[in-house]
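I opened the notebook to record what I looked up in this structure.

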Amino acid sequence: MATAAPPPPSLPPPPRRHQFRRRSFLLLPFTSSLLHPLSSSSAPLPSSSPPITDRVYMDFSLCPSYLRPDRPLGASSDLSLCPDAEPLGRVVFGLYGRSVPITVSNFRAICANAAYRGSLVHKLLPGQFFVAGKQGLRRDKGEVRPPPGLVRNVETVNPKAFELKHVRPGTLSLCLGQNDDEDEIKLDPEYHNMEFLVTTGPGPCPQLDNENIVFGTVLEGMDVVTAIASFPTYRPAERIRQFNDFAVFIGDERAQVARSTWDRPLKTVYISDCGELKVTKPELTPSLP
C-alpha cells in the first residue's frame, strides 16, 4: 500500500508593512507645534521677568542742523526746538515698579514732567546699547535737569536692585557703571541719576550686569531702537586710543575730556518728546517685543 507524500514545507509569512493612517500625518504638524512652538520675531520674555506696573513713552528724532557752524550756541539754545527735526518714531517702555519702586517712580516722574525732552543720545556702542539723559545745565548740549520732587534713590546702593540682568534686546536700565555725568554735577546735592541706557541687541549684555539697575523693557518701538543702533559712531584710530590710555595713566585730565567724545553717534539723535501713558490695567506681563 502506497504511503501519502509528506506535505511541502510551509513558507515564512511575508514581512508586515507598517501601516500609517492618513490622519496621523494630519496630526503631526499640530503635535509638533505643541512641543516646539513656532518662532516669531518677538522674543519671549524670560519666565522670571517681573510684571509691568507703569508705561512711559519717548519720541526720538534727528536734528540735521545741530552740527551746522551757524547754529546758535549758549544755554538758551534748546535741542528740543530743532527747526528741521526728522522723527524716528516712538518707543514705549514698561517699568518694573514692584522690583525697584524708587527707580521707577523717579523715571516715571521725569518722563511725566517732560524733563528728558531735548536729551541727546550721547553714546552708542554698536551691537550693545545706547545712553541718554546726561544731567547738566547745557541744554544746547542735550543735557537735562531733574524736575522738582524726585527723592534720593537709595536703591543705587541696594544689592537686591541689581538682581535683574541685561539678557535681551530692549532692556532699560539706570546707567550707573557707564554714567557719563561730570564729577562736579555728581557732587551737587540735587543730583539724581537721570542717565539711562537701552540695550540694542542682537544678544545679551552681561558686561552691564551688577553695575546698572534694570527697571524696564521696550514694549513697542523696537524698530526705532534698532534704527538708532545702526547709526555710525566716532571711533578714534588705534594710535590715538593708545596715546589717550597713557595720558589717563599719568593723570592728564584732558584725556578724559577727549574720551567723552568717543562712541558718539555721527548723527544727532535726541528725545523730542516723552510722557507717561495711563492704562486701564497697568499691571500686565508684556509680550513684546
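My entries follow in the order in which I made them.

I noted that this is a predicted model, where local features need pLDDT of at least 70, side-chain atom pairs count only at pLDDT 80 or more, and totals for chains, interfaces and linings use all residues. Residues are numbered from 1 along each chain as its sequence is written, and side-chain values use heavy atoms, with hydrogens and water left out.

I looked up the secondary structure and found six helices and eight strands. Helices (H or I, at least four residues) and strands (E, at least two) are DSSP runs, numbered from the N terminus. Along the sequence I read α-β-β-α-β-β-β-α-β-β-α-α-α-β.

Next I checked burial: 42% of the 289 residues are buried (under 20% relative accessible area, 1.4 Å probe, protein chains only).

I then turned to the sheet. It is open, has eight strands in the order β3-β4-β6-β5-β7-β2-β1-β8, and its pairing is antiparallel; strands pair if DSSP finds at least two bridges between them. At the edges I found β3 (121-125) and β8 (269-277), each pairing on one side only. The twist averages 25° from one strand to the next.

I picked out β5 (171-174) and β7 (213-220), antiparallel strands joined by four bridges. Here L174 stands opposite I213 in β7.

Last, I looked at helix α2 (101-112), which packs on the sheet and touches strands including β1 (54-62) and β2 (86-95). Helix α4 (222-229) also packs on the sheet, with β3 and β4 (129-132) among the strands touched.

Technical notes. Buried means under 20% relative accessible area, exposed over 50%, partly exposed in between (1.4 Å probe, protein chains only). Axes are lines fitted to C-alpha atoms, for helices over the stretch in contact, and angles run from 0 to 180 degrees between N-to-C directions. Contact means heavy atoms within 4.5 Å.
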